[in-house]
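Subject: Structure handover

Hello,

Here is the structure you asked about. Please open it alongside this email.

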Amino acid sequence: MPEVKVYSRGFSVADLFTTGKKNYRVAELDEISINEIKLVKVKGKRIVLCRGEEGYYALNDKCPHKGHSLSRGVMICNTLTCIMHGSQFDVKTGGRKAGPAQKDVEKYKVVEQDGGVYILV
Ligand code: FES
């Protein structure tokens with residue numbers, strides 16, 4: 001028998017009910033331009049919303065090097081650079097690409113739907 005999947009705003013039931021997380025609308029689809037970033041606050045968490053060439057991505061705002069706000073950084077070609085010491089992260093994966101940071105950045109699931117951008121927190 002095929003697996004039945006039910007989705008709510010692009011998130012699976014498993015995303016919403018087995019994790020205890022909820023989806024939050026954090027921006028309108030055209031609110032920010034490609035290569036722009038926006039700080040959003042959800043459930044007490046600071047999250048940097050990034051718009052790449054292929055869509056939106058969301059990362060923890062806290063740089064894993066010394067905790068500077070990544071939302072004050074610069075994004076070019078899906079790479080977010082922390083302005084404090086220059087660590088660079090892939091916005092699609094949160095993976096560290098260069099710089100003094102030794103860890104990746106936490107990534108949040110993002111869905112674009114109904115003219116808005118939703119993240120799962
Ligand atoms: S605090 Fe981000 S690179 Fe040092």
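Below is what was found in it, from the overall layout down to single residues.

**Ground rules**

This is a predicted model: local features need pLDDT of at least 70, side-chain atom pairs count only at pLDDT 80 or more, and totals for chains, interfaces and linings use all residues. Residues are numbered from 1 along each chain as its sequence is written.

**Overall layout**

The protein has one helix and 13 strands. Both are DSSP runs numbered from the N terminus: helices are H or I with at least four residues, strands are E with at least two. From the N terminus, the order is β-β-α-β-β-β-β-β-β-β-β-β-β-β.

Of the 121 residues, 26% count as buried. Buried means that 20 or more other C-beta atoms lie within 10 Å of the residue's own; exposed means 12 or fewer, and partly exposed is in between, with C-beta atoms placed from the backbone. Two residues are in contact if their C-beta atoms, placed from the backbone, lie within 7 Å. Among contacts between residues at least 6 apart in sequence, 41% join residues at least 24 apart.

**Two open sheets**

Strands count as paired if DSSP finds at least two bridges between them.

E3 is joined to E13 (residues 116-120) by five bridges. Glu28 sits opposite Gly116 in E13.

The other open sheet has four strands, ordered E7-E8-E9-E10, and is also antiparallel. Inside it, E8 (residues 79-81) pairs with E9 (residues 88-90) over three bridges. Thr81 faces Gln88 in E9.

**Hairpins**

E4 and E5 are antiparallel and share six bridges. Val42 stands opposite Lys45 in E5. Their hairpin has two residues between the strands. E5 also runs antiparallel to E6, again with six bridges. Here Cys50 is opposite Tyr57 in E6. E5 and E6 form a hairpin with two residues between them.

**The core**

Which residues have the most contacts inside the largest nonpolar core? They are Leu49, Cys50, Ala58, Leu59 and Ile119, in a core of 26 residues. Such a core is a set of buried Ala, Val, Leu, Ile, Met, Phe, Trp, Tyr and Cys residues joined through C-beta atoms within 7 Å. E4 (37-42), E5 (45-52), E6 (55-60) and E13 each supply at least two of its residues. Leaving aside neighbours within four places in sequence, the contacts of Leu49 include Val26, Ile37, Tyr56, Ala58 and Val117.

**Two backbone points to check**

Most residues other than glycine have a negative phi. Asn35 has a positive one, near 75 degrees. Asn35 lies in the loop between E3 and E4. It counts as partly exposed because it has 17 C-beta neighbours inside 10 Å.

Lys43 also has a positive phi, about 50 degrees. Its place is the loop between E4 and E5. With 9 C-beta neighbours inside 10 Å, Lys43 counts as exposed.

Best wishes
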